[in-house]
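Let's take a friendly walk through this structure together, stopping at a few residues and then at the cores.

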Amino acid sequence: MSLPLVIVTEPLAPGPLSWLRERADIVEAAPGEDAYEANIGKADAMVVRTYTIIDDAMLERGPNLKVIGRAGVALDNFDLPACARRGVTVVHALGSNASAVAEYVFAVLFDAIRPRVFLDKALDMDRWNTARVDLIAPRQLEEMTLGVFGMGRIGRRVARTGSAFNMRVIYNDLEIIPEDQRWGAEPVPVETLLDESDVLTIHTDDRPANRNLMDAEKFARCKEDVIFLSCARGLIVDARALAGFLRATPGATGICDVHEPEPFPADYPLLGLPNAHLLPHIAAATELAKTNMSWVVRDVMRVLNGEAPEHPAPMPG
């Protein structure tokens, strides 16, 4: 009995890839590469990450596709209605990177609020004391309000960590979050979230309605010294609006790990702003998270074996 053919378009962690290789014929190739072009027409499944676009044009070339696995969580590179029309199941690695992203939020937050240097030479007493004065942090977490926009798996971990640092934590979400899952966070209207957050971190999903969710009107309500963190998806933040806000309020800080497009071009609105700090989409870049995300291959094989997947994508209709 022949094995199913699976195209892997972006790198997977070694363990999950080896597991899949024992159960399927694997072609590791990105769209446009010879091996991809030679096999897409007969592939039974695909596994992708962030930068493989799944749309009608791609699906037209893969008439035998039964399932596509996203080794990650967000699905903004998928045309889900097109997949639904063609009967292609989409699975993703729900929750696989939540701890890594929440950890990263606080890593970059500490970079923003705690100035520090590493010493590589001896200092005399004057320079020693000067450094100790120059590096005094103006604020610490327990005197700040943390605003969490979106209280899903990542948002809840961020809220829990903020509470552990004795921050006041407020949040806004479309869903009603049970009190025992809020970690002391207080639900508030969007307007209150924007008005009162010293740190505002975005963790909404990538549904089309959330495109440019953070627009000029919302930024105008933020505090003049807000620390704004964008570690969800680039489409959620209007980069031009954020750039305008940062230019107008030099005491504010914008930290963006995700962008639209990626990589961003030379005319990206946030480039060159001293209070905009841009990173190359690495919030989930830990070995553990990469491995967890790659285990989406289990659901790919479940579908190929006629079983129900554990983490199907929410399909339209």
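Why does Pro316 count as partly exposed? The model is a predicted one, in which local features need pLDDT of at least 70, side-chain atom pairs count only at pLDDT 80 or more, and totals for chains, interfaces and linings use all residues. Residues are numbered from 1 along each chain as its sequence is written, and side-chain values use heavy atoms, with hydrogens and water left out.

Now to the proline. Pro316 counts as partly exposed because its relative accessibility is 40%; buried means under 20% relative accessible area, exposed over 50%, and partly exposed in between, with a 1.4 Å probe and protein chains only. You will find Pro316 in the segment after helix H12 (297-304). Helices (H or I, at least four residues) and strands (E, at least two) are DSSP runs, numbered from the N terminus. Setting aside residues up to four places away in sequence, Pro316 touches Leu80, Pro81 and Ala84, where contact means heavy atoms within 4.5 Å. Its C-alpha atom is separated by 40 Å from that of Arg247, 69 residues apart along the chain.

Next, please look at Arg207, in the loop between strand S9 (199-202) and helix H9 (216-219). With a relative accessible area of 39%, Arg207 is therefore partly exposed. Its side chain makes a polar contact with the side chain of Asp205 at 2.5 Å. A polar contact is a pair of N or O atoms within 3.5 Å; within protein, one must be able to donate a hydrogen and the other to accept it, and residues adjacent in sequence count only if both atoms are side-chain atoms. Arg207 also touches Leu174 and Leu235, not counting residues up to four places away in sequence.

Asn97 counts as buried because its relative accessibility is 11%, and its place is the loop between strand S5 (89-92) and helix H5 (98-113). Beyond neighbours within four places in sequence, Asn97 is in contact with Val73, Ile154, Ala284, Ala289 and Met293.

Finally, the cores. A nonpolar core is a set of buried Ala, Val, Leu, Ile, Met, Phe, Trp, Tyr and Cys residues joined through side-chain atoms within 4.5 Å. The largest has 49 residues, and Val6, Leu20 and Val47 have the most contacts inside it. H5 supplies the largest share of this core, 9 residues. A second, separate core of 30 residues includes Val226, Phe228, Val237 and Ala276.
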